Amino acid sequence: MKAEVSAYLRPAASGECRIVDLDLLADGVRVSWNDGHASFFHHVWLRDCCYCEACGDSYSSKRFFVPGDMPLEPTAREAVIDGDGALAITWEADGHRSRFDPAWLRQHCYDERSRQARRARPTPWDAALEADLPRVELASASRGDAARMDLYRKLRDFGLVVVHGAPARPGFIRDVAALVGEMGADTSYGEIFDLTPSSRVRTMGNTFRPVPPHTDEAFRYTPPGLNILGCVRPAKKAGESVFVDGIQAATLLRRSDPDAFSLLSGHAHSYHRRHDDAIDQQARMPILSLDDEGCISGIRLHTRASAPLDLPPDLVPPYYAAYRQICELVMARTNQVHLVLQAGEAVIFDNHRVLHGRGGFEDSARFLQLCNVSREGFHERLRLLALRLGLHTEAHQVLGGGVVT
Ligand SMILES: [Fe+2]
């Protein structure tokens, strides 16, 4: 059956890549491309991926075909390049016909080189980033797609971007949040949280004290995705914001002490937040997170919310030594970016990767605000904008993966 190919199923103009030769083998099809690349697709993969109208497509969640509908080892009766240049297969078991657009096929090629090329890789950073912070202007990012894409790339790669040029009125972070997603209930602290020194001192944020670098709400299984920290009024002096790339800190630990790294990535840390009888949040998750290939993809570290460890007895002493090391790495000035946010400036940062803190101050007029949007929402916006701009490679990148060390 010949199905129409939707925008998602057809990631690039099919004229850009052509199948020049096919080789039907016992367990799959070898495809040769006009640019010299060769791919191999297993029959089982091809049969499962058939997106004809009868099988349905998983992009729209209207997939009718289930794994039990095919033999464990399907075989093909015939594989040809059809009149439109597509791979057309007739299956042995039931004579079903599948047709794969060449651009779609190339997009999903799963040889090692293609798989690695699809992965967006974070750019680790340390204090040197201070001299050249990723920055965008609110007005241009709000108006134009190209400036918006520039912002998205910076946030994707560095996990942090400074947005400047906003009117410095309370609530302006709503305009900044709107650049990257929907403000939502992705937090335990309300839609917009005022970071002002006050009598409301349930959190360190509402004091004059320095706050060590941390990721927010580590005591939840799903901490806020992107944080947006905006400055309505800076302190007359001091009160600088501090940022640390958790991926960089974890990379340094992996190099200097692989055993410590394994303890922090392979065992759960305990976190909690309790107030009176009204709040009791708890989560047990590793401090360091790895992607499916073992690459460092994130951090969850919040010393103030650290709960008594619940680990096998023999691991407790070495775990504490490892915990101390990662804390010292994020406290090291060489790993920190210091930034005094000016009125009308905000920082958007990935709370699953970038730790934040601040220096102490004395000015009671200092007024910063914080809000969150979901990380998934940002990734979705990035993909959709890239697709609209014809940036097919970026529209189909695998996001959220780790750094190669
Ligand atoms: Fe915080």
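When I say contact, I mean heavy atoms within 4.5 Å. With that in hand, a bit of housekeeping. This is a predicted model, where local features need pLDDT of at least 70, side-chain atom pairs count only at pLDDT 80 or more, and totals for chains, interfaces and linings use all residues. Residues are numbered from 1 along each chain as its sequence is written, and side-chain values use heavy atoms, with hydrogens and water left out.

OK, I228. Skipping neighbours within four places in sequence, I228 is in contact with I173, V176, A177, V180, A346, V347, I348, Q369, L370, C371 and V373.

I228 belongs to the largest nonpolar core, which has 31 residues. By that I mean buried Ala, Val, Leu, Ile, Met, Phe, Trp, Tyr and Cys residues joined through side-chain atoms within 4.5 Å, and buried is under 20% relative accessible area with a 1.4 Å probe, protein chains only. Among the elements giving at least two residues each are α6 (173–180), β13 (226–233) and β20 (346–350); helices (H or I, at least four residues) and strands (E, at least two) are DSSP runs, numbered from the N terminus. There's also a second, separate core of 30 residues, including A249, A260, L311 and L315.

On to the iron. Its protein donors are H214 (NE2), D216 (OD) and H356 (NE2), at 2.1 to 2.2 Å. Donors here are N, O and S atoms within 2.8 Å of the metal (3.2 Å for Na, K and Ca); water is not among the atoms, so sites may look incomplete. D216 sits in the loop between β12 and β13 and H356 in strand β21, so the pair ties together parts 140 residues apart in sequence. D216 is buried at 12%, and H356 is buried at 10%.

Methods
Buried < 20%, exposed > 50% of the residue type's maximum accessible area, 1.4 Å probe, protein only.
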